[in-house]
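Please read them with the structure open beside the text.

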Amino acid sequence: MVGVVVKTLPEFPVKKGEPAYKLWLFEPGQKVEMPLVFNLRQLAETRRPALLPGHRLCAGCAAPIVVKLASFAFRGPTIVVTATGCLEVSTTIFPYTSWAVPWIHNAFENAAATASGIAAAVEAMKKTGRLPYEHVDVVVFAGDGGTFDIGFQALSGAAERGHDFLYILYDNEAYMNTGIQRSGGTPKYAWTTTSPVGSVLPGKMENKKPIAEIMVAHRIPYVATATPAHWMDFMKKVRKGIEVKGPAFIHALSSCDRGWRHDTALTLEVTRRAVDTCYFPLWEWTPETGYVLTDRSLAIARNPKLKQPIEKYLELQGRFRHLLKPENKHLVKELQELVDAAWEELLRKASNAPR
Ligand SMILES: Cc1ncc(C[n+]2csc(CCOP(=O)(O)OP(=O)(O)O)c2C)c(N)n1
Ligand code: SF4
Ligand SMILES: [Mg+2]
C-alpha cells in the first residue's frame with residue numbers, strides 16, 4: 001500500500017472540522033482518481049469563480065482574469081474588498097453586481113483598513129465560538145492608484161498590525177478608470193494622459209515604485225509577484241497567501257489594452273513578455289525562505305539565453321511606441337540597463353538562483 005498526501009481544494013464553504021488535507025491510499029500500479037490541485041478544467045467545471053459574466057470591464061482586460069484565477073484558489077467562504085477603480089465600477093453598476101461572494105466597496109484609499117476590520121471581526125467571532133467556519137478568506141483587490149499611491153498608508157498600517165488577509169494588487173500601471181493618468185506604478189517613459197509624449201518629454205520621467213519590495217520590507221509572512229499568463233504559479237501563490245496566518249501581498253501585473261494601447265487579443269502575451277524580458281520577474285518571499293524565483297523566471301535564471309531584450313515587451317504597446325523611434329534609442333538602452341540591474345540584484349538575493 002502506498003500513501004500520498006494530497007492537498008485538496010475543499011468545496012465551498014469549508015465547515016468547521018473539514019480537513020484541508022486528505023490521505024489517499026492505493027496499491028502500487030493501481031489507477032486512482034486523485035483530485036488534481038489546480039486543474040483548470042476541473043476547477044472551471046466544479047467551482048464558481050468569485051466574479052461572474054456580465055460585468056462591463058473592457059474586452060481584453062486582464063483584471064477579471066486575475067480575479068477569476070485567484071478565486072479558483074480561495075478556500076472559502078470568502079469576503080472580497082475592492083478599492084475604487086475599473087474593477088469596482090465595472091462590476092457593480094447599480095442595481096447589478098457580478099460578484100458571487102460577499103463583497104464590499106469602500107473609498108479609494110481604505111481597502112486595507114476595511115479588510116483589517118473584517119479580519120478583526122472574524123477573529124473575534126472565532127474566539128467567542130460564533131464563527132460557523134474554520135476560516136474565512138478576507139481578500140482585497142485594488143489597483144495601482146489605490147495601492148502605490150492613495151491606499152498605501154492603509155495598506156502599510158494593516159501590514160504592520162498583522163491582520164490576517166490577502167491583498168492582491170492588480171497593477172495596470174495607471175489610473176485607468178478616470179482616463180489613464182500616471183501613478184506611482186507607471187513605468188518610466190510610458191505615455192499616459194498626464195505624462196504626455198512630445199517635443200518636451202518622452203512620457204513619464206520617474207521610475208516605477210518597487211511596491212513588492214516595500215511590502216517585503218514590512219516583514220509580513222508572504223509577498224509574491226504574479227501574472228495571469230503564468231496562471232498555475234499565480235493560483236499557487238494565492239493559496240499560499242490565503243493559508244498563511246497574517247498579511248499577504250501579491251503584486252499581479254494586469255495589462256490594460258485601453259491604457260497600454262495593445263491589441264485585445266494580446267492581453268496574456270504582453271504579460272508573458274513582461275516576464276520573458278525580466279521587466280517583471282516572478283518570485284515569492286517569506287521571512288523563512290527569503291526571495292525564491294518561480295516559474296518562468298526560475299527557468300531564465302537557469303538558462304539566461306531565454307531572457308528577451310526589453311524591446312520585445314515595448315513593441316506590443318502603443319504607450320511605448322515613441323521609444324522605438326531611432327532618436328530614442330538611448331532611452332531604450334537606459335530601460336534595458338535598469339531591467340538588467342534589477343534582475344542581477346534579484347539573482348543575488350534569490351536563494352534558488354544558480355551560483
Ligand atoms: C479620494 C478619491 N480620489 C479620486 C477618486 C477618483 N478615482 C476613482 S477611480 C480612480 C482611478 C483608479 O486607479 P487604479 O487604482 O489604478 O485602478 P484602475 O482604475 O486603474 O483599475 C480615481 C482617480 C476617488 N474615487 N476618490
Ligand atoms: S480601461 Fe483598462 S483596466 Fe479599465 S476595464 Fe478597460 S482594459 Fe480594464
Ligand atoms: Mg490602475
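How do the residues of the shell around ligand 2 divide into nonpolar, polar and charged? The points below begin with the answer, after a word on conventions. This is a predicted model, in which local features need pLDDT of at least 70 and side-chain atom pairs count only at pLDDT 80 or more, while totals for chains, interfaces and linings use all residues. Residues are numbered from 1 along each chain as its sequence is written, and chains are lettered from A and ligands numbered from 1 in the order in which they are written.

1. The shell around ligand 2 divides into seven nonpolar, four polar and two charged residues, where Ala, Val, Leu, Ile, Met, Phe, Trp, Tyr, Cys and Pro count as nonpolar, Asp, Glu, Lys and Arg as charged, and the others, Gly among them, as polar. This shell holds 13 residues, of which Cys-58, Cys-61, Cys-86, Cys-256 and Arg-258 are the closest; a residue belongs to such a shell if its C-beta atom, placed from the backbone, lies within 6 Å of the molecule. Two or more residues come from each of α3 (86-91) and α9 (257-260), and α9 gives the most, with three.

2. Around ligand 1 there are 16 residues, and those that come nearest are Gly-85, Gly-143, Gly-145, Met-176 and Asn-177. By class this shell has five nonpolar, nine polar and two charged residues, and α3 and α5 (145-149) each supply at least two of its members.

3. The protein chain has 13 helices and 10 strands, taken as DSSP runs numbered from the N terminus (H or I of at least four residues for helices, E of at least two for strands). Of its 355 residues, 45% are buried, meaning that 20 or more other C-beta atoms, placed from the backbone, lie within 10 Å of the residue's own.

4. Eight strands form an open sheet with mixed pairing, in the order β4-β3-β5-β6-β8-β7-β9-β10, two strands being paired if DSSP finds at least two bridges between them. The edge strands, each pairing on one side only, are β4 (103-105) and β10 (290-293). Within the sheet, β6 (residues 166-171) and β8 (residues 248-253) run parallel over six bridges, with Tyr-167 opposite Phe-249 in β8. By contrast, β7 (residues 222-226) and β9 (residues 283-286) are antiparallel and joined by two bridges, Ala-224 having Glu-284 as its bridge partner in β9. The pairing of β9 with β10 is also antiparallel, over four bridges, and these two strands form a hairpin with three residues between them.

5. The largest nonpolar core has 89 residues, among which Ala-115, Val-140, Ile-168 and Ile-250 touch the most other members; such a core is a set of buried Ala, Val, Leu, Ile, Met, Phe, Trp, Tyr and Cys residues joined through C-beta atoms within 7 Å. Helix α2 (residues 63-72) gives the largest share of this core, seven residues. Leaving aside residues up to four places away in sequence, Ile-168 touches Ala-70, Val-139, Val-140, Phe-141, Ile-250 and Ala-252, contact being defined by C-beta atoms, placed from the backbone, within 7 Å.

6. Because nine of the 10 residues of α2 are buried, this helix is largely enclosed by the rest of the structure. The elements that cover its buried residues include α1 (40-46), α3, β5 (137-142), β6, α8 (231-243) and β8.

Technical notes
A residue is buried if 20 or more other C-beta atoms lie within 10 Å of its own, exposed if 12 or fewer, and partly exposed in between; C-beta atoms are placed from the backbone. Two residues are in contact if their C-beta atoms, placed from the backbone, lie within 7 Å.
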